[in-house]
Amino acid sequence: MMRIAILSPFYPYRGGISQFSAMLYTALGANNEVKAFSFSKLYPDFLFPGKTQYVEASDNAITINTTRSLNSINPISYITTAKQIEAFKPDVLIICYWMSFFSPAYASIASILRGKTKIISLIHNAIPHEPRFFDKALAKLFFSKCDGCIVMSETVRDDLLSLSPKAKFLMKPHPLYDHFGERGDKNESLLKLGLDTSIDRKTLLFFGLIRDYKGLDLLIDAMGILDASFQLLIAGESYGSFEKYERQINKSAAKDRIMVLNQYIDDSLVPYLFSAADVLVLPYKSATQSGVIPVAYHFEVPILATDVGDLRNTIEKPHTGLVCRANAESIAQGLNCIFEIGKEKFVENIVLEKQNLSWHIFAQEIESFAGEMQTIQKKASN
């Protein structure tokens with residue numbers, strides 16, 4: 001049993017990082033004493049591209065009791081947070097990293113606590129999808145303060161090693177997002193969402209934040225190539241203007257078969273989206289990994305993804321979907337292939353893959369890795 005501190009966004013902040021961290025807290029808490037440390041301010045409002053940073057009343061968010069003291073833009077809070085973590089006397093501090101904006105805060109806290117606890121960075125993205133000139137330098141600064149790192153894809157591992165070649169790391173696939181409940185009836189879900197319930201209708205889902213690198217424009221173009229048996233549901237909040245996609249949809253021959261929910265998707269709606277879907281489509285132009293894939297696996301929905309980042313390894317190795325090139329023609333061809341092969345074959349493989357992606361296994365691997373870090377420290381001090 002260890003004392004483990006986790007520094008990350010938690011409830012009431014919304015989004016995949018907060019959900020992931022809450023589930024990590026719960027999994028590690030089964031065999032350890034775990035304490036959560038979070039933000040009093042995550043992003044300044046003027047830097048946040050969405051409508052709100054916080055969960056809404058209808059969300060089924062996992063509520064974690066946290067110490068909320070870290071203000072991302074207040075250096076005094078860096079010291080305060082480090083002292084609060086130190087007072088807990090953790091054996092290990094896990095810091096969730098995904099954006100260089102937080103590097104100054106994280107590096108400061110890690111510097112204060114270095115030598116007093118083992119510091120492990122759990123890296124969602126080492127380099128952002130839409131990189132800026134300072135991202136690598138800031139990430140490298142923070143990683144240099146860590147005793148070890150956890151990555152969940154080969155692409156993130158390679159990015160980490162390009163910045164910190166001697167980094168000690170654990171690579172373990174992203175576990176399932178399994179807190180949404182079970183898959184429901186497809187027809188009832190289609191009716192709930194206002195989609196066509198015809199027996200031969202093939203329903204495609206684009207899910208998650210809408211950003212340029214995610215290639216929604218490619219999928220809209222692909223819908224113009226696919227026959228009338230396909231319908232598309234676009235579900236997610238647009239970070240930036242959605243007008244260009246609206247114009248593209250209105251010009252498409254498939255406009256009557258494209259439904260848009262341009263909004264933050266609260267947790268209560270997620271089961272309906274994935275229960276209605278036959279295939280999840282990830283038409284990304286760039287990527288490292290995708291937090292949407294574990295959601296699709298939980299609901300046993302096959303995936304079509306473009307060949308970017310680590311998506312090929314995530315999908316092709318377990319045969320849970322198909323990979324295509326990042327253009328409309330290849331996306332359309334890949335979708336037709338999934339239905340020609342039979343989506344049931346991919347679902348069978350998803351059921352098998354789910355067994356390898358439990359939070360229990362993920363937590364055990366982290367515990368072993370943290371134990372190794374402690375052993376190395378003891379040997380070095382002798």
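The largest pocket in the predicted model has a volume of about 1,500 Å³. Its lining comprises 48 residues, and those closest to the centre of the pocket are Gly 16, Ile 17, Leu 209, Arg 211 and Lys 214. Two helices, α1 (16-28) and α10 (292-298), each contribute at least two residues to this lining. The greatest contribution comes from α1, with four residues. When sorted by class, the lining of the largest pocket consists of 24 nonpolar, 17 polar and seven charged residues.

A set of 19 residues lines the second largest pocket, and Met 152, Pro 173, Asp 310, Asn 313 and Thr 314 are the ones nearest its centre. Two or more lining residues are supplied by each of α10 and α11 (311-316). Of the elements involved, α10 provides the largest share of the lining of the second largest pocket, namely three residues. The class composition of the lining of the second largest pocket is eight nonpolar, six polar and five charged residues.

Helix α7 spans residues 216-225, and its buried residues include Leu 216, Leu 218, Leu 219, Ile 220, Ala 222 and Met 223. The buried residues of α7 pack against strands and helices from several parts of the chain. The strands are β8 (202-207), β9 (230-235), β10 (258-261) and β11 (279-282), and the helices are α8 (243-251) and α12 (328-341).

Two packed helices are described by the angle between their axes and the distance between the axes. For α7 and α8, the packing angle is about 10° and the axes lie 10 Å apart. Because angles under 35 degrees count as roughly parallel, α7 and α8 are classed as roughly parallel to each other. On the α7 side, the contact involves Leu 216, Asp 217, Ile 220 and Asp 221, which meet Tyr 245, Gln 248 and Ile 249 of α8. The residues of this contact comprise four nonpolar, one polar and two charged. Leu 216 and Ile 220, which take part in the contact with α8, are also among the buried residues of α7.

Several local backbone features were noted. Most residues other than glycine have a negative phi, and most peptide bonds are trans. The peptide bond from Tyr 11 to Pro 12 is cis, with an omega near 15°. Pro 12 is located in the loop between β1 (3-7) and α1.

Positive phi values occur at Lys 89, with about 55°, and at Glu 300, with about 60°; neither residue is a glycine. Lys 89 belongs to the loop that connects α2 (75-88) and β4 (92-97), whereas Glu 300 is in the loop between α10 and β12 (303-306). Lys 89 has a relative accessibility of 63% and is therefore exposed, the cut-off being over 50%. Glu 300, at 28% relative accessibility, counts as partly exposed.

Ser 111 is situated in helix α3 (residues 103-113). With a relative accessible area of 37%, Ser 111 is partly exposed, because this value falls between the 20% and 50% limits. The C-alpha atom of Ser 111 is separated by 9.7 Å from that of Ser 144, and the two residues are 33 residues apart along the chain.

How values were computed:
Residues numbered from 1 in each chain as written. Predicted model: local features only at pLDDT ≥ 70, side-chain atom pairs only at ≥ 80, totals over all residues. Heavy atoms only, no water. Buried < 20%, exposed > 50% of the residue type's maximum accessible area, 1.4 Å probe, protein only. Contact = heavy atoms within 4.5 Å. 1 Å grid on protein atoms, 1.4 Å probe; cavity = no way out; pocket = protein on both sides within 12 Å on 5 of 7 lines; lining within 4 Å. Points joined across faces, edges and corners; volume = space filled by probe spheres on them. Nonpolar A, V, L, I, M, F, W, Y, C, P; charged D, E, K, R; others polar. Axes fitted to C-alpha atoms, helices over the stretch in contact; angles between N-to-C directions. Parallel < 35°, antiparallel > 145°, perpendicular 65-115°, else oblique.
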